[in-house]
Amino acid sequence: MFTPVLDSLIILTVLAPLVGVAAQRIKAVKFLGAYTSVGFLFAILNLYWLYGEVHASKVLVFRLTALPGSCLVVDMLSIFMGLVFLLLGLMASIFSIRYMEHDTGLPEYFTLVLAMITGMVGTVFAGDFFTLFLFWELMCISSYVLVAFRKQTWEPVEAGFKYLIMSVSGSVLILMAIALLYGMTGTVNLAVLSGRLGGVELTPAAERWVYFALVLVITGFGIKASIVPLHTWLPDAHPAAPTPISALLSGVVIKTGVYALCRISFLIFPLIHFHWGILIGVISVLTMTVGNIMALLQNDIKRILAYSSISQIGYILIGVAVGTQLGLTGAILHVFNHALMKGAAFLCAGAFIHAVGTRMLDELSGIGRRMPLSTIALCITFFGLIGIPPLSGFISKLILFEAASAGMVWLTIAGIINTAISTGYYLRFINIIIRHESSERVTVAKEAPVTMLAPIFIMALLIILFGIWVQPILGFAQEAAASLLNLKAYISAVGGGL
Amino acid sequence: MIAVNIVLGFAIVLVILGFYCISVKRNMIKMIIGIEVMTNGAILSLVSFASYKNGFVDPLVHSLAVMAIAVGGCIAAVALSLVVHAYKHYKTLDIRELRRLRW
């Protein structure tokens, strides 16, 4: 029907409530976390098989005969993003086994996590707007409920309501853009839209409507990707969510917005006709600067990490603004690296919160001496986020700044200045944590349990590994960037049978 | 058959009205009605393009419109449950009271 990856994820999502209720009957609710983790592992194996198929023939198309015109199109970029999503979902669900053990409603939690990852993988596999919209909304609605999961306290409810209102506005703008693009060309299939709008000479009146649709796409997906004037939901929603969900939100959900923005913009509004590069460049500088400066003012550890996520989206948009193969390689590689680094940072913060019960940075002073392993992993992730050499964050930032210097030098200068500003809050965080004198709350802290430490250490090891042995992941990112820019292969693979 | 321009114009007016509701109204339930109106405006624009010829209907786009209506219903359900929990914590439906999350 669909690809094996998406099929297995959908079946896992539908069976999860049944498995959850059965696990509650036999009083072994931790089994549900194991079920989710094994499910993600199985999906990663299916993805590896699909990677082999896509490597042979560059673009794969899966059609549903029931809906004429709708299809799933899988190319290298889709596989890359799918790998990021499934890897982070696996780590978050292993972490959730111990972290969420005192919460009620765990069957709903794991079902929603599975539904959110299914929605994300479906979005990156979508070949037309129908499939994209449906899986996008599946991801969005699951994330609204997951942010407001601990509804007994006021903070998740307030943050969840704010996030819902802003994100639904974004979805409505996306739907208006779909309607306009359909009205202009007569199709919702991405490849056919690209063929009809991409190379054609447009009358000035028609061109105005196309620019309007482009602005709607950037705004609609930008609300989810948290670009700067539209980012205000993120610093409230990410701290208020349970920590594994914060890791997922920062690590992968905002990247889905960036992916959809890139895919639609590069396919339907090619950079040579519609010069949106400068617009995304200005947005990127604004995003980086506001994210970094606001992070310097925070005292809540999860809020610092949330503002840091906003600034890292700014770095990713540098690569998108430049639009060359090198820039897109840097952007895609930074998506992967940031997902690993920010996911691990949020999980470390979750280990601290689980041990001590507070999120305030001043009350956590000295906790590094009592929880050395989590702190070592946290330091590795922060040095990666700053971009210090033998770690993977350095590689992607270097490629981004190098790509920007070939045409938009102001982006490189802004990026370097923002990296310098960001060291301010990362190093302050580490400094407060590794002090010798502990605050009173910290004296009861013990090291995190193994199920929580294992995903943190796996991700930290991957950050070090991909900083030293760059070639596999860099080659993968280069192929993904090439497939994003290769419109001919995309259109000819889909257009054959339409 | 009503011309596409007129229906599209009405749809854009609905979206703007819905956006006004979200921005200006204080009652949380009125804000949810605002997002429903906005969603309906976007779906109306989709339907107006899909059925502009006499007797012709594009099946895929109409399916998208029906699914978007279903999604709008789910969103209203989630939003209303959030409003119920917010009322339990804040004892009011005024959105301006939900301001504990600042800088």
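1. Read from the N terminus, the elements of chain B follow the order α-α-α, that is, 3 helices and 0 strands. Helices (H or I, at least four residues) and strands (E, at least two) are DSSP runs, numbered from the N terminus. This is a predicted model, in which local features need pLDDT of at least 70 and side-chain atom pairs count only at pLDDT 80 or more, while totals for chains, interfaces and linings use all residues. Residues are numbered from 1 along each chain as its sequence is written, and chains are lettered from A and ligands numbered from 1 in the order in which they are written.

2. Chain B has a radius of gyration of 17 Å, well over the 13 Å that the globule rule gives for 103 residues, so it is more spread out than a compact globule. The radius is taken over C-alpha atoms, and the rule is 2.2 Å times the number of residues to the power 0.38. The C-alpha trace of chain B spans about 55 × 25 × 20 Å along its principal axes. Of the 103 residues in chain B, 32% are buried. Here buried means 20 or more other C-beta atoms within 10 Å of the residue's own, exposed means 12 or fewer, and partly exposed is in between, with C-beta atoms placed from the backbone.

3. The interface involves 34 residues of chain A in contact with 31 residues of chain B; a contact requires C-beta atoms, placed from the backbone, within 7 Å. On the chain A side, α5 (129-147) and α6 (154-185) each supply at least two residues, and α6(A) gives the most, with 18 residues. The chain A side divides into 24 nonpolar, 5 polar and 5 charged residues. In this scheme Ala, Val, Leu, Ile, Met, Phe, Trp, Tyr, Cys and Pro count as nonpolar, Asp, Glu, Lys and Arg as charged, and the others, Gly among them, as polar.

4. A:Y182 lies in helix α6 of chain A. Why does A:Y182 count as buried? There are 22 other C-beta atoms within 10 Å of A:Y182. Not counting residues up to four places away in sequence, A:Y182 touches A:T187 and A:V188, as well as B:L46, B:F49 and B:V61.

5. Helices α2 (residues 30-56) and α4 (residues 106-125) of chain A pack at an angle of about 10°, with their axes 10 Å apart. Axes are lines fitted to C-alpha atoms, for helices over the stretch in contact, and angles run from 0 to 180 degrees between N-to-C directions. α2(A) and α4(A) are therefore roughly parallel to each other, a label for angles under 35 degrees. The contact uses A:L32, A:G33, A:T36 and A:G39 of α2(A), together with A:L106, A:P107, A:F110, A:V113 and A:L114 of α4(A). These residues comprise 6 nonpolar, 3 polar and no charged.

6. Strand β1 (residues 60-63) of chain A runs antiparallel to β2(A), joined by 4 bridges; pairing requires at least two DSSP bridges. A:R63 has A:C71 as its bridge partner in β2(A). Strand β2 (residues 71-74) of chain A is covered on both faces, with A:C71 and A:V73 buried on one side and A:L72 and A:V74 buried on the other.

7. Two positive phi values deserve a check. Most residues other than glycine have a negative phi. A:K27, in the loop between α1 (4-25) and α2 of chain A, has phi near 60° and counts as exposed, with 7 C-beta neighbours inside 10 Å. A:S226, in the loop between α8 (204-225) and α9 (234-240) of chain A, has phi of about 55° and counts as buried, with 28 such neighbours.

Note on methods
Two residues are in contact if their C-beta atoms, placed from the backbone, lie within 7 Å. Angles under 35 degrees count as roughly parallel, over 145 as roughly antiparallel, 65 to 115 as roughly perpendicular and the rest as oblique.
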